[in-house]
Amino acid sequence: MEPTKFIENLKKQYIDTEDFKLNMSSEFRQIGSYDSLTGMTIIVMIKDEYNVDITDSEYKAQKTIKDLYELIHSQLAP
Amino acid sequence: MKAYVNGISYYLPSTILDNDQLSREFPEWSVDKIAQKTGIYKRHISEKNEFSSDMGLKVIEKLLAEFNINKAEINYLLFCTQSPDYFLPTTACVLQEKAGLNKTCGAIDFNLGCSGFIYGLGLAKGLVETGQAKNVLLVTAETYSKFIHKKDKSNRTIFGDGAAATLITSEPNKEHFSASIGNFAYGTDGSGYDKLIIKNSGINHQCHKSADCLDEVGNFVSNDDFLFMDGKEIFNFTAFEVPPLINRVLKSNELTLEKVSVYIFHQANEYMLDFVRKRCQIPKENFYINLSDTGNTVSSTIPIALRRYIDEKKTRIGERILLAGFGVGLSLGGVILEVE
């Protein structure tokens, strides 16, 4: 699981991607057009790209992109 | 024998609820954000004493006039609504009288939402191709605004009222847009019945008047007397079930993705539509979105968008259009139309 690619996949879920830059310490809910719909597409993207199902409560507990990345990484199939 | 879509008209109530009005009522709700994300700028709201049969009548009259149809030749009325005038009788019977349709005409209601137009086309095709009816009138009419709690800003933002009438016949029409109805694919997942629901709306829930449920900061969440939508679950249903549905529709018509010139899906909201489009791998230029001035009119979004597509673009003979509806039920369906 490549961090740069993960950030790129995440960024695709925002509609205002030209307006900001993301890095691992970004708090993804505080950025640009983020709202609950963005959250839904991020969860589906994680399922599509990494085949990882994360629950609502797991998702809600993550603050930064790094938090989310590490959660998915820990659940990746060996 | 084949069945053809031979005319579509739609009706939108005159009262408009725009994003500025919503922002005034909900100051924390940004107008720009609403429009940017949903693609919806305004929606039409039925009058207090305007019901689905009234909207049905207006749209039938419009269709008859626009396409110069003799109402005596209508053999069957299919009425799709989740806001019927009464539990009983069937609103289609009320409408037969109001519209002055022939007494030899069949008339039934069916209760479906966002997939309703597709199922209606399927029923109409069956009636025509088995020789039970030559001219079927499919009417979709919905007044969800009457079901939505005044404080429910999410649903008030998304849904609008509206109606559409479509004529399905045994012969193509040479003067107007006409398209043969191809093969269908359907789907149902009743385990999600409570993801879009009005709990206190039927015999199953004859309970006391419900109180508002609020979140921890006092924002309205739900009230069982009103429309409830679990947005996340509806989103997931759409994201995961629509792509395989599209593949099944294509397969049942022996087509591949690129053989379809335009995809017209149930117009739920722009962000979700774009997300689903990408998952279906449909190019943006082949995907039609038109809901900015109507919002989600439930079973009427597809016929409204189809009519607008026909008006905007010059359709050519042989052009294939894929229609797909999905939502409350949970229910979904899709079909191919081929322009004659």
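This is a predicted model: local features need pLDDT of at least 70, side-chain atom pairs count only at pLDDT 80 or more; totals for chains, interfaces and linings use all residues.
Let's start where chain A meets chain B. Here, 14 residues of chain A are in contact with 13 residues of chain B. How big is that meeting place? The size of an interface is often given as the accessible area lost when the parts come together. For chain A and chain B, the buried area is about 1300 Å², and carbon and sulfur atoms give 66% of that. On chain A's side, look for Ile15(A), Leu37(A) and Met40(A): they supply 40% of the area that chain A buries against chain B, more than any other three residues. As an example of a salt bridge, take Asp35(A) and Lys37(B), whose closest N and O atoms are 2.8 Å apart.

Now head inside. The largest nonpolar core has 42 residues, and Phe235(B), Ile246(B), Tyr263(B), Phe265(B), Leu322(B) and Phe326(B) touch the most other members. Helix H2 (36–50) of chain A is among the elements giving two or more residues to this core, and so are strands S13 (262–265) and S15 (320–327) of chain B. The largest share, nine residues, comes from H7(B). There's also a second, separate core of 36 residues, which includes Leu127(B) and Ile168(B).

Finally, come out to the surface. Phe87(B), Leu88(B) and Ile203(B) form a nonpolar patch there, with about 420 Å² of accessible area together. You'll find Phe87(B) in the loop between strand S4 (76–80) and helix H4 (91–99) of chain B. Phe87(B) counts as exposed because its relative accessibility is 60%, and the cut-off for exposed is over 50%.

Conventions: Residues are numbered from 1 along each chain as its sequence is written. Chains are lettered from A and ligands numbered from 1 in the order in which they are written. Side-chain values use heavy atoms; hydrogens and water are left out. Patches are made of residues with over 30% relative accessible area and no salt bridge: like charges are joined within 9 Å, nonpolar side chains (Val, Leu, Ile, Met, Phe, Trp, Tyr) within 5 Å. Accessible areas come from the Shrake-Rupley method with a 1.4 Å probe; for residues, only the protein chains shown count as cover. A salt bridge is a side-chain nitrogen of Lys or Arg within 4 Å of a carboxyl oxygen of Asp or Glu. Helices (H or I, at least four residues) and strands (E, at least two) are DSSP runs, numbered from the N terminus. Buried means under 20% relative accessible area, exposed over 50%, partly exposed in between (1.4 Å probe, protein chains only). A nonpolar core is a set of buried Ala, Val, Leu, Ile, Met, Phe, Trp, Tyr and Cys residues joined through side-chain atoms within 4.5 Å. Contact means heavy atoms within 4.5 Å. Buried area is the accessible area (1.4 Å probe) that two parts lose on being put together, summed over both.
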